[in-house]
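Let's take a friendly look at how one protein model is put together. Have the sequence at hand as you read.

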Amino acid sequence: MATSGSQWFLWTATILLIAVVSQGQLTTDFYESTCPQAATIVKQKVDEIVDADKGMAAGLMRLHFHDCFVRGCDGSVLLNSTNTTLAEKEALINNGSLRGFEHIDDIKMELECACPGVVSCADILAMVARDATVKLGGLSWPVFLGRIDGAASVADEVNSSLPFRTYNFSQLVATFAKVGLDTKDMIVLSGGHSIGQLHCGAFFERLWDFEGQNITDPSMDPEFAESLKAQCPRDNPLLFKGADSTNATFDAVYYSDLLTQKGLMDSDVALMSDPLGVEYALKAVQDPYSFLFEFGMAMIKMGNIPASDPYGWRKNCAVIEPRNY
């Protein structure tokens, strides 16, 4: 646990961040008069979903990430393609990778029954990400609400907005900077890979064909590599592997794995190529509470990325049916 002094510092930082976010017109009590039961409805549904499938927690969290990095936090990742436009969910980096859309639809339906035309799809994603993280052991954080849904979703915008699994440290920093997040935010939010599973294909090259040489990445722990090969044979990259050694618990083991050469994707291992990444990983392992807390702080900051083209509140998160605002 963090010391009392560091706890005081962290909570002071929270208060300051709350003030900044509030100035951005998002508030924790946005639905207090229009849908006071919204947070309770969302939490109950998320608990049910994750109880049935712990792996879905990571999927629900990722939806919020992938939404905010493209067009801001506007629920655009949830929209279906139209006759004229391929939507974000169909982009190469998302298609077959993102999941949980049906659960967001179910949650939206319950909210519409309780409070018709009130809670935005973008706000649902923010609440769901927090509740899914907490369900697997993460610390809670205040979710600021009042986002307005967007009316466009364009697949071509995804590749230039989201970080790729092959990115190095500099590329990761640059991608996060585009949406107003700094280097520490990037390192902390990478800890979201603490939960869930990956296709073996996400790290196939490191395991089987490093730099096209038909070898394993020599930086990978040899014993770990042999274990991985048993789980991810060369001829079946579509099998799944836990994101870290405790992939059903949200914790700082992700950073411990990186420090012991047991990372999976290039973008994970890239954190250890820079002194700032190593420094933070050591801190997270020594004080896991600080990581859990700072993850929540970074999620607040990410959740405040403004929508580039806000339009209205969608009654159906998958289609354009906004109401006026």
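Is Q261 buried, partly exposed or exposed? At 41% relative accessibility, Q261 counts as partly exposed, where buried means under 20% relative accessible area, exposed over 50%, and partly exposed in between (1.4 Å probe, protein chains only).

This is a predicted model, in which local features need pLDDT of at least 70, side-chain atom pairs count only at pLDDT 80 or more, and totals for chains, interfaces and linings use all residues. Residues are numbered from 1 along each chain as its sequence is written, and side-chain values use heavy atoms, leaving out hydrogens and water.

Most residues other than glycine have a negative phi.

Now to the domains. An automatic or database assignment divides the protein into domain 1 (37–162 + 304–312) and domain 2 (169–302). Their contact (heavy atoms within 4.5 Å) takes 24 residues from domain 1 and 22 residues from domain 2. The C-alpha centres of domain 1 and domain 2 lie 23 Å apart.

Between domain 1 and domain 2, about 1,900 Å² is buried, with carbon and sulfur atoms giving 77% of that area. Buried area here is the accessible area (1.4 Å probe) that two parts lose on being put together, summed over both. On the side of domain 1 that touches domain 2, helix 3 (56–68) and helix 5 (121–135) each supply at least two residues. Helix 3 gives the largest share, six residues.

Conventions. Helices (H or I, at least four residues) and strands (E, at least two) are DSSP runs, numbered from the N terminus.
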